[in-house]
Amino acid sequence: MDVIFGRNKEEHPDPIKAEVKGELPSWLQGILLRNGPGMHTVGETQYNHWFDGLALVHSFTFKNGEVSYRSKYLRSDTYNCNIEANRIVVSEFGTMAYPDPCKNIFAKAFCYLSHTIPEFTDNCLINIMKTGEDFYATSETNFIRKIDPLTLETLEKVDYSKYVTVNLATSHPHYDSAGNILNMGTSIVDKGKTKYVIFKIPSSVPEKEKKKSCLKHLEVVCSIPSHSLLHPSYYHSFGVTENYIIFIEQPFKLDILKMATAYFRGVNWASCLSFHKEDKTWIHLIDKKTKKDATTKIYTDAMVLFHHVNAYEEDGHVVFDVISYSDNSLYQMFYLKNLTEDLTENTKLTSIPACKRFVVPLGFDKDAEVGTNLVKLPSTTATAVKEKEGSIYCQPETLCEGIELPRINYDYNGKKYRYIYATEVQWSPVPTKIAKLDVLTKEKLSWEEEHCWPAEPVFVPRPDSKDEDDGLILSSIVTSDPKKPPFLLILDAKTFMETARASVNVDLHLDLHGIFIPEKDLNPEHE
């Protein structure tokens, strides 16, 4: 497993031509841009957790039947400080950094005080976000970093909190057909309140402000008060339909007081997250028109979720699919001490991920008897039962087990859809297969190869396609066999048969998330 997780990866800022086997369609022109941790040791110090590593952005560029690869470390303030000090000096979620032991007592005291309300890292290692004509590396803090998608050069640092009062934000925004962004973040104890803030970033600015960032026109859509002032829910993504925003307030919570004192107590911020299995999971349905949350209390059993798959409306119901767990063991699995050679034998998730479908009725009969299942869709076994005080208790339908990192044809985002593309993980936290799930028939197609560890599959639609699955699947594959070079896998999304692979003679890193940028969406300046 050292080949995948433990070793620092070299960057390759100049393009490297890949060896292509198979046929690449002429219409596949653009850049697959991806992000993930690439450096876990700085000098004599090592991060505790795989998710803490310094961000290494990499890309596969498709042009006229050829593929080229490049990678570059994000030159964040965090990266620069660590490299200059030759040790980890900026704290990450799973790794608390401490002052240089050579510092004098006054410098140490100042350092301790400055951590009481921490300034979070700008090591944006999770995803890539498109804002207008710009692209940003993102994580879950209030910082994002602009990058050049062609050269991977790091550009300006942006602080969300200058435009909206949030301390944390998701790295999984949604885009509408016009390219406007919808995202959400947590505002911690602002004016005595802790709330979840949903905000919109327009895709363009007025002509007279052409050189200004779209972020300057950011607007708050609405805010949802947290059920607890000092224990807000952790969340990694949210859902949208044509008329609603879906937010799941799960009992996987951040303890703010513990977080404020973590530095003094010598523990990391991740230790301030805990799963309250006796609590409810609250389902918030925010009406986009009224910008109000549903007045009915809607809930389900305790669960942990990171990824929403998709959501849509059907015959007076909101349907949403998520990947959920019955505990928080996934995060624990990725501490580097657990990612050893015998990972596949000894490291087992205590909760297997399950793709679950929830259905919430809209405008149901208020006079319905207590105990009535309010779901009227014949296509699902999911239920929503009316309770005594008028609240609704939801029980999901399990569509599939053992899949993670779900992606769809994004043209169907917020609409009724049929196909999920994902990695298969079973009981081990590291993917070994890529899967295509038909949510209608529950049939599954998969791709796997010995010694291959696939990344999140990205769907690229064929131009002018009519079918939802008419396109390609792109996934970068790390190999643990030294005789087998890593490669980018290209599958036909309909048949799930291999179309081509582009091998690169580099030490490819296992990444997290990313996007495909069609050639037409690349700013001429980037070209």
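I start with a term: buried means under 20% relative accessible area, exposed means over 50%, and partly exposed is in between (1.4 Å probe, protein chains only).

I note that this is a predicted model, where local features need pLDDT of at least 70, side-chain atom pairs count only at pLDDT 80 or more, and totals for chains, interfaces and linings use all residues. Residues are numbered from 1 along each chain as its sequence is written, and side-chain values use heavy atoms, with hydrogens and water left out.

**Ring pairs.** I looked up the aromatic pairs and found 24. Rings of Phe, Tyr and Trp (its six-membered ring) pair if their centres lie within 6.5 Å; planes under 30 degrees apart are stacked, over 60 edge-to-face, the rest tilted.

**Phe93 and Tyr331.** Their ring centres are 6.2 Å apart and their planes stand at 85°, so I log the pair as edge-to-face. Phe93 sits in the loop between α2 (77-85) and α3 (105-114) and Tyr331 in helix α5 (residues 329-333), so the pair ties together parts 238 residues apart in sequence. Helices (H or I, at least four residues) and strands (E, at least two) are DSSP runs, numbered from the N terminus. Is each residue buried or partly exposed? Phe93 is partly exposed at 26%. Tyr331 is buried at 12%.

**Cluster.** I traced ring pairs linking Phe93 and Tyr331 with Trp50, Phe51, Phe334 and Tyr335.

**Charges over rings.** I count a charge over a ring if NZ of Lys or CZ of Arg is within 6 Å of the ring centre and within 35 degrees of the ring normal. Lys157 lies over the face of Phe143, 4.3 Å from the ring centre. Arg501 lies over the face of Phe487, at 4.1 Å.
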